[in-house]
Amino acid sequence: MSAVVICLFGATGYGRSAQGVAGAGRALAGELGAELRAVVLGPMEEGELSALSGVADRIVHADQAELGDYQPDLALAAAEQLCKVSEPTAVLLANDVYSQEVTPRLAHRLGGSSMADVTEISTADGMIRVQRTAYGGKAISVYELKKSPAVISTRARSMAPAEPTGRTAEVEKASVELPEPKVRIVERTAEQSEGVKLEDADVIVSGGRGLGGPEPFEDLRVLAEVMKGQQAASRAACDAGWVPPNWQVGQTGKKVAPELYLAIAISGASQHLLGMGDSKVIAAINTDADAPIFKHCSFGIAEDFKKVVPLLTEKLRGLIQP
Ligand code: FAD
């Protein structure tokens, strides 16, 4: 049997983070001379399936409706059945709340090793090697995953999307046996968000405690709109109740890596940096020229946000086409 690298996609679809998973899978499959197999759990939009068929060698689609629901027990059972048939060298997932529940349990069931929130994957001496940040983003650690398969979740947007192969992979339908879930969902509250997911955003305008209250977030909303970006916040701003908890970026919040992260009145604590330190460009506005965030910035303005934000909004309004 030839080597196989599996990328697992689920109910969250084929957005920017999932495209990065496919990119990492393609690169790893190339290094191993392996087939890149996309395993899709649950219904997926036709357009997303067709994008996926342009980058994978083979697609296996278990489209049972129950798998479209947030139910890790079912996803786990389906992933186990579909992975076991091909003895993959690696199984890659996007790092989101779903995969945080599935990744280590799947590795255990497949008898492999697992690593979460990985920013780089390579091979050395026939072994899969991964990198991830450690000590709140202050260091990078490198691991070798000894037991196969290596079940790995990749940090949002840390991997480049897969290039199209120029071929179209066929979509094979698969049927899996789903167990009775061990957990019953008694209530669901949909996340209040508009536009693209924070993890998939190209531009993020983020606000911190230095804004002093919820009102300035309205000015940041206008700036984000002009920049075609999404809004986020530090934990301090979320904990104060100024913005919803699902805006939080950092160690205990979302991990993002946009093209541009604009941190406004955020000090740059290590726990915050852990969630956005992989952004391509970081810019900051902060009155304190010694704030740690400036050490991680490509651009910074040491000034009161009240002076800078309106000027920046007006300037960019003229530059960025609607
Ligand atoms: P502050 O540190 O208070 O910084 C406010 C900044 O605003 C200052 O630098 C100040 O100079 C500047 N400022 C003030 N007025 C103005 C003005 N008018 N104009 C411009 N700038 C101004 N934090 C997270 O963000 N995400 C996490 O996921 C997270 N997880 C954590 C997990 C653990 C286990 C722990 C212990 C902490 C965690 N934290 C997290 C908290 C973190 O340590 C910081 O307390 C938090 O990030 C600080 O938020 P902040 O930068 O908004 O506030």
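How much space lies in the largest cavity? About 200 Å³ lies there, and a search of the whole structure finds one cavity of 30 Å³ or more. On a 1 Å grid over the protein atoms alone, a cavity is a set of points where a 1.4 Å probe fits but cannot get out, and lining residues have an atom within 4 Å of a point; points are joined across faces, edges and corners, and a volume is the space filled by probe spheres set on them.

The model is predicted, so local features need pLDDT of at least 70 and side-chain atom pairs pLDDT 80 or more, while totals for chains, interfaces and linings use all residues. Residues are numbered from 1 along each chain as its sequence is written, and side-chain values use heavy atoms, without hydrogens and water.

Helices (H or I, at least four residues) and strands (E, at least two) are DSSP runs, numbered from the N terminus.

Then move to Ser153, in strand β9 (residues 150–154). Ser153 is buried, with a relative accessible area of 1%, where buried means under 20% with a 1.4 Å probe and protein chains only. Leaving aside residues up to four places away in sequence, Ser153 touches residues including Leu93, Ser99, Met115 and Asp117, contact meaning heavy atoms within 4.5 Å.

Key. 1 Å grid on protein atoms, 1.4 Å probe; cavity = no way out; pocket = protein on both sides within 12 Å on 5 of 7 lines; lining within 4 Å. Buried < 20%, exposed > 50% of the residue type's maximum accessible area, 1.4 Å probe, protein only.
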